[in-house]
Amino acid sequence: MLIKVRRGWELPESAATPEHIFRDRRRLLKAAAAGPILLAVPGILAGCGEAPDRADQATQVAPESQVAGAGTSDATAAADPSAHLYPVARNLRYRLDREITPAELATTYNNYYEFGSSKTIWKKAQALPIRPWMVTIDGLVENKIEIGVDDLLAKMPLEERLYRLRCVEAWAMAVPWSGFALKALVDLARPLASAKYLRMESFHDPEVARGQKASWYPWPYIEGLTMAEARNELAFIATGIYGKPMPKQNGAPLRLAVPWKYGFKSTKGIVRFTFTDVRPNTFWEKVGPAEYGFWANVNPEVPHPRWSQRTERVLGQDYRVDTQLFNGYAEFVAELYTGLEGEKLFM
Ligand SMILES: Nc1nc2c(c(=O)[nH]1)N[C@H]1C(S)=C(S)[C@@H](COP(=O)(O)O)O[C@H]1N2
Ligand SMILES: [Mo]
């Protein structure tokens, strides 16, 4: 595997502009026009694995929903009891190679199957009560904890980070998350040496999250990381976005942000962190084990069974850019996978 190591914070400021994108634009548009090859698959797999061309059609209707106003409106954000915490200072170690996605887009074009399989669930997600919100930290730890989310926030070192997010469906955004390093939560729990994985469980409330009435999905949404991944400096628990508390549609009050992995790993609405010696069987892995796995690291060379992962559509733009190995974060995470080459690391 060829891994180009270039530290993001060493890039000149000019590298943060999308000039190189335009150079490749003609070739990329050609490739995109050729379209994905669609195979016959059960409808259930249209889920996270929505084909890129269908995702593009969905974007064309997105602007209508923006007119009605995004969930980051000042009124919504101010009503959140954690509002006084934001904005938090930006950690400049994490740099983007593209412009920040407009907030109106990032908060109205979402994946959150608990509220339905369309991209426009942001209004439906407002039904989720996010206080009180109890968080359980348990399993193979010295310090089992049951804590309200606001008490947890008070203990954690909050900062802002600019991260890319690359969905397995081949669209991408770049946003300022607020939150804390997952490692801070791991340290609070003091895992035993026998803990090998961190399992994250999302809320389960079919009365407000109507998508959870769809019994063919294995609710609640489960995700997981190895302990090395959970302690990696990039692994982040996001509690806000664009300098405000997290909108419900983006995963309030706690969602994971692991930017080197496909977006489905970054689970929303987390209620429980369990340290375990058993590798979690994750939500999308259960739904479609031939298409989605535990590792889900971004790799342009490894196509999804139904489409190429070489390029990605940038939300709010009409061009595609080249997808990068580990979504451009190889310098931070590539070493986590030495010795694991036998695993399906890229699905
Ligand atoms: N609980 C839960 N978390 C989830 C999802 C979901 O359906 N349920 N969708 C995932 C997918 S596929 C993506 S791409 C990202 C999208 O995050 P965003 O809506 O904030 O852009 O959330 C991820 N986290
Ligand atoms: Mo996704």
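1. Start with N299, which sits in the loop between helix 9 and strand 11. Is N299 buried or exposed? At a relative accessible area of 6%, N299 is buried, because the cut-off for buried is under 20%. Leaving aside residues up to four places away in sequence, N299 touches Y262, Q309, L325 and F346. Keep in mind as you look around that this is a predicted model.

2. Q309 is found in the loop between helix 9 (283–287) and strand 11 (311–314). Q309 counts as buried too, because its relative accessibility is 1%. Its contacts, not counting residues up to four places away in sequence, are R166, V168, A170, Y262, N299, P300, V302, P303, H304 and T323. So if you click on Y262, you'll find it listed as a contact of Q309 and also of N299.

3. Which side chain makes a polar contact with the side chain of Q309? It's the side chain of R166, at 2.9 Å. For another distance to check on screen, take Q309 and Q324: they are 15 residues apart in sequence, and their C-alpha atoms are 9.5 Å apart in space.

4. Now step back to the whole chain. The protein has ten helices and twelve strands. Of its 347 residues, 57% are buried. The protein exposes about 14,900 Å², with carbon and sulfur atoms supplying 55% of that. Among contacts with a separation of 6 or more, 75% are between residues 24 or more positions apart.

5. Strand 1 (residues 134–139) runs antiparallel to strand 2 (residues 145–148), and four bridges join them. A hairpin of five residues links strand 1 to strand 2. Strand 1 also pairs with strand 10 (residues 270–276), this time in the parallel sense and again over four bridges. What stands opposite I137 in strand 2? That would be I145, while in strand 10 I137 stands opposite F273.

6. At the other end of the strand order, strand 5 (residues 197–202) pairs with strand 6 in the antiparallel sense, over five bridges. Y197 has T226 as its bridge partner in strand 6.

7. Finally, a word on confidence. The average pLDDT for the protein is 86, and 79% of the residues score at least 70. Residues 1–43 fall below 50, though this stretch has 53 contacts in the model beyond near neighbours in sequence. Residues 53–71 stay under 50 as well, with 32 contacts beyond four places in sequence. Where pLDDT is low, the predicted coordinates should not be read in detail. That's the caution to carry into residues 1–43 and residues 53–71.

Methods. Residues numbered from 1 in each chain as written. Chains lettered and ligands numbered in written order. Predicted model: local features only at pLDDT ≥ 70, side-chain atom pairs only at ≥ 80, totals over all residues. Heavy atoms only, no water. pLDDT = per-residue confidence, 0-100. Contact = heavy atoms within 4.5 Å. Pairing = 2+ DSSP bridges. Helix = DSSP H or I, 4+ residues; strand = E, 2+ residues; numbered from the N terminus. Buried < 20%, exposed > 50% of the residue type's maximum accessible area, 1.4 Å probe, protein only. Areas by Shrake-Rupley, 256 points an atom, 1.4 Å probe, with all protein chains shown as cover. Polar contact = N/O pair within 3.5 Å; in protein donor to acceptor, adjacent residues only side chain to side chain.
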